Amino acid sequence: MTALPKASELERMARDAVTRCGVNLDGPTLDRTVTSPINGLPIGSFATNNDVDEAVARAREAFATWRVVPAPIRGALVRRLGALLSEHKEDIATLISLEAGKITSEALGEVQEMIDICDFASGLSRQLYGRTMGSERPGHRLMETWHPLGVVGVITSFNFPAAVWSWNTAIALVCGDPVIWKPSEFAPLTARACAALLDRAIDELSAPRGLSQVVLGGADVGEALVDHPDVALLSATGSTRMGRLVGPRVAARFGRSLLELGGNNASIVTPSADLELAIRGIVFGAVGTAGQRCTTLRRVIAHEDIVDALVERLAATYAKLPIGNPLEPGNLVGPLIHGGAFATMGNAIGAATAQGGALVVGGERRLADEAPDAYYVSPAIVRMPAQTDIVRQETFAPLLYVLTYRDFDEAIQLQNGVPQGLSSSVFTRDQEESERFMSADGSDCGIVNVNIGTSGAEIGGAFGGEKDTGGGRESGSDAWRSYMRRATNTVNFSGELPLAQGVEFSV
């Protein structure tokens with residue numbers, strides 16, 4: 001393993017990437033520092049921009065124009081954004097790695113996801129379909145139409161600092177809505193670079209500048225966006241705790257919220273499973289992004305006949321995982337976002353062992369001498385005698401619990417026996433088990449997979465989950481409906497005025 005890069009090298013990489021994307025780093029007083037989890041040291045500064053009222057006023061002005069632009073023309077703007085993302089794919093990926101600590105392959109994959117959603121959304125701009133229903137009254141047409149909703153506020157987390165914004169923004173723009181983005185405080189440079197590319201597309205196509213805005217700052221900025229009466233839809237990605245605060249506040253002003261919250265995802269491994277396939281799916285799901293994905297695999301529920309062999313092979317794979325600088329080719333596990341995440345992981349391992357668990361492998365801090373301000377850790381596996389309190393909690397780190405089951409009903413009960421309901425999977429070659437897992441009395445999650453892991457969803461399907469995950473849906477399928485308002489229309493071409501339900505009312 002080579003040494004971690006110097007702070008000056010990371011700072012230069014960040015400056016070069018944002019500059020190539022069109023960000024002007026000169027100007028207002030820079031009052032906040034950006035720190036990279038790669039070494040725990042500053043890589044740049046940024047100026048807070050926290051006037052939410054002003055941003056909403058500009059967005060409302062843009063909305064008045066944009067909502068009457070034909071949807072396929074709105075789609076052309078998103079298509080241009082996708083082209084610019086393709087052109088600057090490596091720049092955005094570099095910033096994601098620098099600010100979120102993702103390995104290069106995962107960072108590039110995140111940008112590809114952004115390009116893909118732009119492709120999806122530009123096609124969607126010609127498919128914002130309503131319906132025509134049969135009317136009970138002769139000479140009448142009953143139909144529904146969909147119209148732009150209004151200003152969309154987007155609050156994103158550090159672990160997908162760009163992709164989640166793109167899911168919301170690409171769809172919102174083709175639906176006719178402007179977007180105000182409050183990014184994670186840990187990833188402001190990534191946000192500024194993405195926003196600069198969209199600003200360029202807006203200028204090239206002569207679209208209203210207020211369609212895309214970024215507000216930078218702390219929790220107070222997010223709260224102002226949550227509480228603003230002119231933000232029609234508030235899309236927030238983060239912890240369940242955050243969602244419990246956001247949801248009621250938006251509902252209190254009769255706004256719409258789209259919440260993507262915690263995940264405590266499980267994979268069931270059955271006796272018929274292809275263990276080689278299962279191990280590959282489990283390891284990526286559990287340690288990708290250093291366990292800091294909402295879809296990270298946190299629980300393996302293995303049949304008692306195969307659990308020992310499975311754990312033995314998983315432990316052997318974990319022991320040789322390359323951990324280190326995420327920019328270095330070959331490394332598969334980068335750093336945790338900060339020291340608090342490392343402490344949370346250690347506390348969870350301590351609680352698990354106190355509740356009867358046995359640590360199989362991992363949990364140690366790595367590279368502390370080389371980077372005392374960064375937090376690299378060995379991914380951990382803990383065998384648990386039951387689904388205890390700590391197992392039912394989401395620990396945002398590469399910590400995998402292994403549970404055992406005897407019959408498939410018990411496995412499903414364990415899978416569903418947590419407050420969260422985001423992603424789930426089963427590894428089996430038994431068609432009955434796979435169909436049962438996807439059925440109404442199978443997995444209770446929003447994402448249900450067979451013979452793949454819990455992580456790595458495609459943009460074509462709606463993304464989101466149930467229970468404490470918040471119930472929101474973003475990205476593909478019919479998630480676009482969240483960004484529009486529905487109108488039910490009746491057209492009378494009969495020359496008469498019959499009333500519905502046979503009501504008689506003569507004057």
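Accessible areas here come from the Shrake-Rupley method with a 1.4 Å probe, and for residues only the protein chains shown count as cover. By that method the protein chain exposes about 20,900 Å², and carbon and sulfur atoms supply 50% of this area.

A word on the model: it is predicted, so local features need pLDDT of at least 70 and side-chain atom pairs count only at pLDDT 80 or more, while totals for chains, interfaces and linings use all residues. Residues are numbered from 1 along each chain as its sequence is written, and side-chain values use heavy atoms, with hydrogens and water left out.

Let's look at the whole chain. It has 14 helices and 23 strands (DSSP runs numbered from the N terminus: helices are H or I with at least four residues, strands are E with at least two). The C-alpha atoms fill a box of roughly 80 × 60 × 35 Å along the principal axes. Of the 507 residues, 55% count as buried (under 20% relative accessible area; exposed is over 50%, partly exposed in between, with a 1.4 Å probe and protein chains only).

Now for the charges, where Lys and Arg count as positive and Asp and Glu as negative, leaving out His and the chain ends:

| Charge | Side chains |
|---|---|
| Positive | 44 side chains |
| Negative | 59 side chains |

Lys320 is exposed, with a relative accessible area of 66%. Its C-alpha atom is separated by 9.9 Å from that of Ser378, 58 residues apart along the chain.

Key: The place of a charge is taken as NZ of Lys, CZ of Arg, CG of Asp or CD of Glu.
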